[in-house]
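Please look over the model shown here before reading the notes on it.

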Number of protein chains: 2
Amino acid sequence: MELSCPLPETMPESIQLGHGSGGMMTHQLLEGVVFPAFGNSLLATRHDGAVMRVGNSRVAFTTDSYVVNPRFFPGGNIGSLAVFGTVNDLAMCGARPSHLSVGLIAEEGLAIAELTRVVRSMQEAAEAASVTIVTGDTKVVDRGHGDGLYINTSGVGICEHSLHIAPSSVRSGDVVLLSGDIGRHGIAVLARREGLEFEGAIESDCTSLHRSTLSLVDSGVDVHCLRDLTRGGLATALKDIADGSGLGVDVVEHQIPLSQEVHGACELLGLDPLYVACEGRYIAIVPAEQADKALEILRACPESQGAVQVGVIGESTGVRLESVLGTKRVVDRLPGEQLPRIC
Amino acid sequence: MELSCPLPETMPESIQLGHGSGGMMTHQLLEGVVFPAFGNSLLATRHDGAVMRVGNSRVAFTTDSYVVNPRFFPGGNIGSLAVFGTVNDLAMCGARPSHLSVGLIAEEGLAIAELTRVVRSMQEAAEAASVTIVTGDTKVVDRGHGDGLYINTSGVGICEHSLHIAPSSVRSGDVVLLSGDIGRHGIAVLARREGLEFEGAIESDCTSLHRSTLSLVDSGVDVHCLRDLTRGGLATALKDIADGSGLGVDVVEHQIPLSQEVHGACELLGLDPLYVACEGRYIAIVPAEQADKALEILRACPESQGAVQVGVIGESTGVRLESVLGTKRVVDRLPGEQLPRIC
């Protein structure tokens, strides 16, 4: 079980696992290879999805591929994850998710019974999230050239508001709200993959978040930015927002909710929970004067009932974490890969 | 080099290569597993993409994953194919393609130089097709669990007309127009993969088709159905339309354009060109009285300058091919897989 790989100092000649981490190497790959090729203003927002004008409407559009290993884990599977993950990316644009596409890449030899379980989970998740799967594609690759099943979901949704929800809208003095305890998805997947058993079962937090985000938007909260905590966890999300806004974030460590079980598992495995992925948690950045109202709204939604304020936005760039003892440390993207293939 | 696999009589217990053929096994998998799970009216149209209402607009939405092997072939590569393929699926909805998403699944060890070539090709193709790549995702899978690079592209576009372009709109008496010679993409990929050399280089026909389809629509032709000839080739496209319309198609074999080179390669390899994939050809089904006008419009576009009428729609279900000698044979979906991983 290898939990990290070192960061090459320059762009390596070939793809390494860390390029999929969501951390520093992913950042290098995107900045060095992908964005220069595709460079345009919508991609340049560095957000989970694009918001574009279609006729009279503002439409959000996003895509994600899912390669999680194992495909079934406590609290979900690759199918439900693929639906909720893309629904959540639309939610982070402040959109109401409406339609999904599904692209299946199946490896020769995958059990039809397993595929059936997965697509049924997708449909259940779609119903739970009030989205419709309207178009799809199925490809088969020969044995030994895939890994059972990969799923891409893309999604569209409507933005029914005029907010510009993006890192560039974040202002100094804003507060950072976190929707609940962190790290359960990553630990649940890792535990299943490595055959680890922890006291108190740890289930993935995988769920759809759009009802919670829409509650905020519909209540008139002036939401500046939303970000779900997937690959790279809370730390990476905060760093992305700091970089995207040109500002900084000061976070108070003991205000970050962490279950006893995830805390114990991270201690045992030498993992930093700040970097462990969630699939049902997000941060909302809102003006300080609306913090109480926003927290009240979040706590009224089951999926964000544990919402708390964890930090504030300031002029000084970067992300800083203040410990219980009052010491501060700088939080950066993870150099390599902490937990490969958790989504 | 295995060019076909037998059709299991009942649903097998595991995924086989033929499930990705676009032929009979794909049909069985979709009808037996995927559609029952996701069943809804938009999927039920069995079209290349879905057309849904977004605000005041009719928006087309489609997805495709690309697993072509090899990734570079005469006339294109996996990147240009992924862009043109999804642009074409939007075109077949009668839409004006506007925005694409890109999901990359890279295998550990893929050369960064190759990835760079591919994403640059994608951008060139996007510019050629006047679409913008606005959102994306990159995942990495560990060595031995992928095949270098898989790409998913999803796309949205606007339908600026009120036509209902779908198999269900096809009417008895309509004519079937084919935009040019068939089979070049499949043969080009196969030849590169197997190291075959044919007299006269065969290049993939991979290109974007939306200017041709929009010319038809914008000229007021009452287009009933459009379908690009990808997996499963012309035969499968005709069979899909026959099934979807509840009608039949009578095709005249000697009217189907086929280059000398593709004809020769198919003879040598024992392939039926009717089933060989194209990535830059399509059929348009229009009312007989508009056939001449439609052909004139198609021939004015470089990508469909070889357009001809190849058949007519009739009440008698199924697809029939009339040979030069006047004999007729029934054309069905291919039982197994003729050419795996050509897109």
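Predicted model: local features only at pLDDT ≥ 70, side-chain atom pairs only at ≥ 80, totals over all residues.

Residues are numbered from 1 along each chain as its sequence is written, and chains are lettered from A and ligands numbered from 1 in the order in which they are written.

**Contact between the chains**

- The contact takes 71 residues from chain B and 71 residues from chain A, two residues being in contact if their C-beta atoms, placed from the backbone, lie within 7 Å.
- At least two residues each of the side of chain B that touches chain A come from elements including helix 1 (24–38), helix 3 (112–128) and strand 7 (149–159) of chain B, where helices (H or I, at least four residues) and strands (E, at least two) are DSSP runs numbered from the N terminus.
- Strand 6 of chain B gives the most to this side, with 10 residues.
- By class, the side of chain B that touches chain A holds 34 nonpolar, 27 polar and 10 charged residues (Ala, Val, Leu, Ile, Met, Phe, Trp, Tyr, Cys and Pro count as nonpolar, Asp, Glu, Lys and Arg as charged, and the others, Gly among them, as polar).

**Helix 3 of chain A and helix 1 of chain B**

- Helix 3 (residues 112–128) of chain A packs with helix 1 of chain B at an angle of about 15°, their axes being 8 Å apart; axes are lines fitted to C-alpha atoms, for helices over the stretch in contact, and angles run from 0 to 180 degrees between N-to-C directions.
- The two helices, helix 3 of chain A and helix 1 of chain B, are therefore roughly parallel to each other, a term for angles under 35 degrees, with over 145 counting as roughly antiparallel, 65 to 115 as roughly perpendicular and the rest as oblique.
- Among the residues that make this contact are Leu115(A) and Val119(A) of helix 3 of chain A and Val33(B) and Phe38(B) of helix 1 of chain B.

**Val217(B)**

- Val217(B) is found in helix 5 (residues 210–218) of chain B.
- Leaving aside neighbours within four places in sequence, Val217(B) is in contact with Gly94(B), His161(B), Leu163(B) and Val223(B).
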